[in-house]
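Here are my notes for your first read-through. Keep the sequence and the 3D view open, and check each point as you go.

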Amino acid sequence: RRQGPRRLPRAASPAAPVLRPGRPRRGPAAPRQHQRGRPLSASGPARRQRGGRRRGPGRSSAGAPAGEMGLEPLFQASSYFRRRKFRECADVCSQLLERPPGEQVAGAGPYFTFYFILIQAAWNLKTRALTEMVYVDEIDMDQEGIAEMILDENAIAQVARPGTSLKLPGTSQGGGPSPAVRPVTQSGRPITGFVRPSTQSGRPSTMEQAIRTPRTALTARPITSASGGCVRLGTASMLTNPDGPFINLSRLNLTKYAQKPKLAKALFEYIFHHENDVKNALDLAALATEHAQFKDWWWKVQIGKCYYRLGLYREAEKQFKSALKQQDMVDTILYLAKVYVRLDQPVTALNLFKQGLDRFPGEVTLICGIARIYEEMNNISSAAEYYKDVLKQDNTHVEAIACIGSNHFYSDQPEIALRFYRRLLQMGVYNCQLFNNLGLCCFYAQQYDMTLSSFERALFLAENEEETADVWYNLGHVAVGIGDLNLAYQCFKLTLVNNNDYAEAYNNLAVLEMRKGHTEQARALLQTASSLAPHMYEPHFNIAILSEKVGDLQRSYTAAQKSEEAFPGHVDTQQLLKQLKEHFAML
């Protein structure tokens, strides 16, 4: 008797001589018919053995490979890769590659070729899976480390023309909100509505200020180009493979792999992204583009990426321009614009983006790139217009919605900003920053019933101490606004508990101490705030006011000068300097 459910007749594919795994039958197996009307032959690699159970994994009597041994695990690994389960994909490929050589390539003739292709496919798939696990898009990765900031050998004009430099944003003619309304970073740019790698650390002007840069990569060391998204050399391979690196780069014959384009591309991305070995990646790309007779634009883009990572921006520019001549691609335009931004040529980058829009009309990434550059140049009005153009093409673009909402908030339009942030909430964005902004908009729009509940939700969703400190700081502002100074004092104290480098909280605590008459405590807090954030004008101005009240006119004059340097348009600072000069003239 036959056990189990009856199976339908199944066609034997002539291109895949593979045994299907199944439940063994008792007794002789029933003959199976071919769906195309041709009977199965009594012998062949894909035939079930007559008169007994199916043989276990290994080779059948006719010398064919068993299905469990090769194709089905590879199909499973490919399915894992398509579903972005890269760890499982790498594990299955490792099991295929770890089998004994005799089991992998036994036999001769077509089966040897079949197994060679199989092992090659498993190696390629595992390489791609390991790359995807640590992959970071180089277009968005525009982070400038301390070494690049301080030890930059690129000579630029010390006095740039207005609106032509990103390193001197004070020369812009943007007409955005003043630092009295909208906070600025230590590089002088206004705080954006969307956190990007290029807006994290700013651009410190001295080594001391660079060392004090906030650790946005959440590591013990300051930000460098190798932290954050780029994993340091050798660490990624040890994390993904406990036995050591998957590929020993020092023993690779790059010339051999460069002659195989499909393997070479996967190997390059593995070396560049996973191992972070830019030198070997550059050597492989140079050999591969030479093998392609310099006609493959993809390899030219990769060489440009390597040059950019090495700081050779002019060489990278040549490669990207050559690639654009062969194949007009949006990604290549974005890479070339990154080079111009790093060379502090924002006008050239803007022209490049606009030329790209002529060839790719309505491309969201190009319009967003123009808006980012205008925002970094402190031209807020033009940036807002381009962000609105982004929303015309893609009305779910999170960055554009957040930046427009931030612009409306700092332009004293909290009701309109509240609409944009509610739109983000409807789109599924659910994090601490969004509820923090909703709470501020509700407070300034006089919708007090939603203010505290939004801040409570923000505290609940905070993922680290920095986010918690931001929420407590804003709650302190709300407490100052309603006149509860004791609550404000406690909120600012809790801010410093979560983040001891919060300069704004030190400044506001000093103001509260001055109201209580505690002059010495206020002076100590203001000095701490001014040392943590020399780009802020408030601590310097408050020190000048406090010193002028106690009769220390020289210290007051020095602090007022620093305040004027940080915010040249501050009227109160100018009046204080005028009074001090009159005092000194009388002396």
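1. Start with a loop residue. Asn253 sits in the loop between helix H7 (235-240) and helix H8 (254-258). Remember throughout that this is a predicted model. Is Asn253 buried, partly exposed or exposed? Its relative accessibility is 43%, so Asn253 counts as partly exposed. The cut-offs that matter here are under 20% for buried and over 50% for exposed.

2. Now look from that loop to a helix residue. Asn253 and Leu284 are 31 residues apart along the chain. Their C-alpha atoms are separated by 9.5 Å. Leu284 belongs to H10 and takes part in the contact between H9 and H10.

3. Turn to that helix pair. Helix H9 (residues 261-274) packs with helix H10 (residues 278-291) at an angle of about 160 degrees. Their axes are 8 Å apart. Angles over 145 degrees count as roughly antiparallel, so that is the label for H9 and H10. The crossing, as H9 passes H10, is left-handed. On the H9 side, the contact is made by Ala264, Leu267, Phe268, Ile271 and Phe272. On the H10 side, it is made by Asn280, Ala281, Leu284 and Ala285.

4. Next, helix H12 (residues 313-326) and helix H13 (residues 330-342). At what angle do the axes of H12 and H13 cross? The angle is roughly 155 degrees, and the axes come within 9 Å. H12 and H13 are therefore roughly antiparallel to each other. Their crossing is left-handed. Residues of H12 in the contact include Tyr313, Phe320 and Leu324. Among their counterparts in H13 are Ile333, Leu336, Val339 and Tyr340.

5. Check two backbone angles. Most residues other than glycine have a negative phi. Arg84 is not a glycine, yet its phi is positive, about 65 degrees. Arg84 lies in the loop between helix H1 (71-82) and helix H2 (86-97). With a relative accessible area of 57%, Arg84 is exposed. Asn378 also has a positive phi, near 70 degrees, and is a residue other than glycine. Asn378 is in the loop between helix H15 (364-376) and helix H16 (380-393). At 21% relative accessibility, Asn378 counts as partly exposed.

6. Now test a helix length. H21 covers residues 465-482, which makes 18 residues. At 1.5 Å a residue, H21 should span 26 Å. Its end C-alpha atoms are 26 Å apart, so the two values agree.

7. Asn464 caps the N-terminal end. A side-chain oxygen of Asn464 lies 3.2 Å from the backbone nitrogen of Glu466. After H21 comes Gly483, with a positive phi near 90 degrees.

8. What does the buried side of H21 pack against? The partners are helix H19 (432-444), helix H20 (448-461), helix H22 (485-498) and helix H23 (503-516). The buried residues of H21 include Ala469, Val471, Tyr473, Leu475 and Val478.

9. Leaving out residues up to four places away in sequence, Thr495 touches Ala469, Trp472, Tyr473, Tyr502 and Ala505. Ala469 and Tyr473 are buried residues of H21.

Note on methods: Residues are numbered from 1 along each chain as its sequence is written. This is a predicted model: local features need pLDDT of at least 70, side-chain atom pairs count only at pLDDT 80 or more; totals for chains, interfaces and linings use all residues. Side-chain values use heavy atoms; hydrogens and water are left out. Helices (H or I, at least four residues) and strands (E, at least two) are DSSP runs, numbered from the N terminus. The expected span of a helix is 1.5 Å times one less than its number of residues. Buried means under 20% relative accessible area, exposed over 50%, partly exposed in between (1.4 Å probe, protein chains only). Contact means heavy atoms within 4.5 Å. A polar contact is a pair of N or O atoms within 3.5 Å; within protein, one must be able to donate a hydrogen and the other to accept it, and residues adjacent in sequence count only if both atoms are side-chain atoms. Axes are lines fitted to C-alpha atoms, for helices over the stretch in contact, and angles run from 0 to 180 degrees between N-to-C directions. Angles under 35 degrees count as roughly parallel, over 145 as roughly antiparallel, 65 to 115 as roughly perpendicular and the rest as oblique. A crossing is left-handed if the near helix is turned anticlockwise from the far one by less than a right angle, and right-handed if clockwise.
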